[in-house]
Amino acid sequence: MLLQDKVAIVTGGTRGIGFAIVETFLKNGARVALFGSRQETVDKALAKLAQELPDAQVIGLSPDLTDYAAVEAAVNTVKEKFGRIDILANNAGISARDSLYQYDPAAFDKTISVNVNAVFNGCRAVAPIMKAQGGGCIINTSSMVSLYGQPAGVAYPASKFAVNGLTRSLARELGRDNIRVNAVAPGVTRTDMISALPPEVLKRVSDPIPLGRVGEPQEVANCFLFLASDLASYVTGEILSVDGAAQT
C-alpha cells in the first residue's frame, strides 16, 4: 500500500496506460479522480472499476484539458471531495504519424494543445494546492520519441520534447515547495492500437527491442507508482525511460 491515504488525479485515465495507472494507484491505497475526454468513457471506466475494486474510492470527471478554467474547476472539485491532492499524473495525450508534406497546421496545433498546454494547465492548477499542504508529486507522460524523434508525425515528438523541458524546469522551480516533478517515457506498449496489429506486424515492431517484446501497460503503471510513492522521495527532474532499451 505505497500510496495509503494519498489523493491522485490521473488524466487520460479511462483506458490503456492511464487506466492501468488508476488501477495501480487504487490497489495501493490511493483515492483517485480519473479524468477522461468524454463522460461516456469516464462512466464506463468507473463501472469497470466498481466491479474490480468495489471498495475503491474513485470519481470521474471529463474537463477539457486544454481549457485552464475547466481544469481548475475540476481540480477544485477533487480538492473539495477528498480534501487534498497529493499526486497528479498528466497522462492524457494524442498522437499522429502524418508526413510533414501533408501535415495540417490545425492538427499540429491540436497535438501541441493536448500534449503540452494541457500538461501546463494541470500543473498550474494543482501546484498552489500542493504548496499549501506542504508538498506533492507531479508525473508527466513523455515518450521514447522525445529522446530520439520519429520518422513522421513531427508534432508528437515535438510535444514530448516540450513535456521533458516542462518537467525538468518545474522540478527546479517547485522543489523549494516540496513538489517533485518527473516524467515517464514509455516505448511501444500494448495498448488497443498495438493489440490490434496482425502478428507479423507486431513481430516486426518487437524484434528490434532488446527485451524482445513490447511493454505492458502495467509495467508503465508500476513506474508511475514508484515515482508517486515515498520510495522516490529524493527523485525529481527525471525522465524515466520504460522502453526495453529500444533505442540503445
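Predicted model: local features only at pLDDT ≥ 70, side-chain atom pairs only at ≥ 80, totals over all residues.

Setting aside neighbours within four places in sequence, Ala 171 is in contact with Val 181, Thr 236 and Gly 237, where contact means heavy atoms within 4.5 Å. Ala 171 sits in helix α6; helices here are DSSP runs of H or I with at least four residues, strands are runs of E with at least two, and both are numbered from the N terminus. At 9% relative accessibility, Ala 171 counts as buried. The cut-offs are under 20% relative accessible area for buried, over 50% for exposed, and partly exposed in between, with a 1.4 Å probe and protein chains only.

Residues are numbered from 1 along each chain as its sequence is written, and side-chain values use heavy atoms, with hydrogens and water left out.

Now look at Val 75, which is found in helix α3 (residues 68-82). Val 75 is buried, with a relative accessible area of 2%. Not counting residues up to four places away in sequence, Val 75 touches Ile 9, Phe 35, Ile 85, Ala 125, Val 126 and Ile 129. Met 130 is 55 residues from Val 75 along the chain, and their C-alpha atoms are separated by 12 Å.

**The whole chain**

Zooming out, the chain has nine helices and seven strands. Its radius of gyration is 17 Å, close to the 18 Å that the globule rule gives for 248 residues, so the chain is as compact as a globular protein of that length. That radius is taken over C-alpha atoms, and the globule rule is 2.2 Å times the number of residues to the power 0.38. The C-alpha trace spans about 50 × 35 × 35 Å along its principal axes. Of the 248 residues, 49% are buried. Among contacts with a separation of 6 or more, 73% join residues 24 or more positions apart.

**The second largest pocket**

How is empty space found? Rolling a probe the size of a water molecule over the atoms shows where it is left. In detail, on a 1 Å grid over the protein atoms alone, a cavity is a set of points where a 1.4 Å probe fits but cannot get out, whereas a pocket is an open set with protein on both sides within 12 Å along at least five of seven lines; lining residues have an atom within 4 Å of a point.

The second largest pocket has a volume of about 350 Å³, the volume being the space filled by probe spheres set on grid points that are joined across faces, edges and corners. Its lining has 20 residues, and Gly 135, Gly 136, Asn 178, Arg 180 and Asp 230 lie nearest its centre. Strands β5 (136-141) and β6 (179-186) each supply at least two residues of this lining. By class, the lining has six nonpolar, nine polar and five charged residues; Ala, Val, Leu, Ile, Met, Phe, Trp, Tyr, Cys and Pro count as nonpolar, Asp, Glu, Lys and Arg as charged, and the others, Gly among them, as polar.

**Two positive phi angles**

Asn 178, one of the residues nearest the centre of that pocket, has a phi near 65°, a positive value in a residue other than glycine. Asn 178 is placed in the loop between α6 (155-174) and β6. Asp 5 has a positive phi too, of about 70°, although it is not a glycine. Asp 5 lies in the segment before β1 (7-11) and counts as exposed at 52% relative accessibility.

**Salt bridges**

Side chains of opposite charge can pair when their charged atoms come close. A search of the whole structure finds five salt bridges, each defined as a side-chain nitrogen of Lys or Arg within 4 Å of a carboxyl oxygen of Asp or Glu. The table includes three of these pairs.

| Pair | N to O distance |
|---|---|
| Arg 38 and Glu 40 | 3.0 Å |
| Asp 86 and Arg 84 | 2.9 Å |
| Lys 203 and Asp 207 | 2.7 Å |

How exposed are the partners? Arg 38 is partly exposed, with a relative accessible area of 43%, while Glu 40 counts as exposed at 52%. Asp 86 is buried at 6%, and Arg 84 is partly exposed at 30%. Lys 203 is partly exposed at 49%, as is Asp 207 at 47%.
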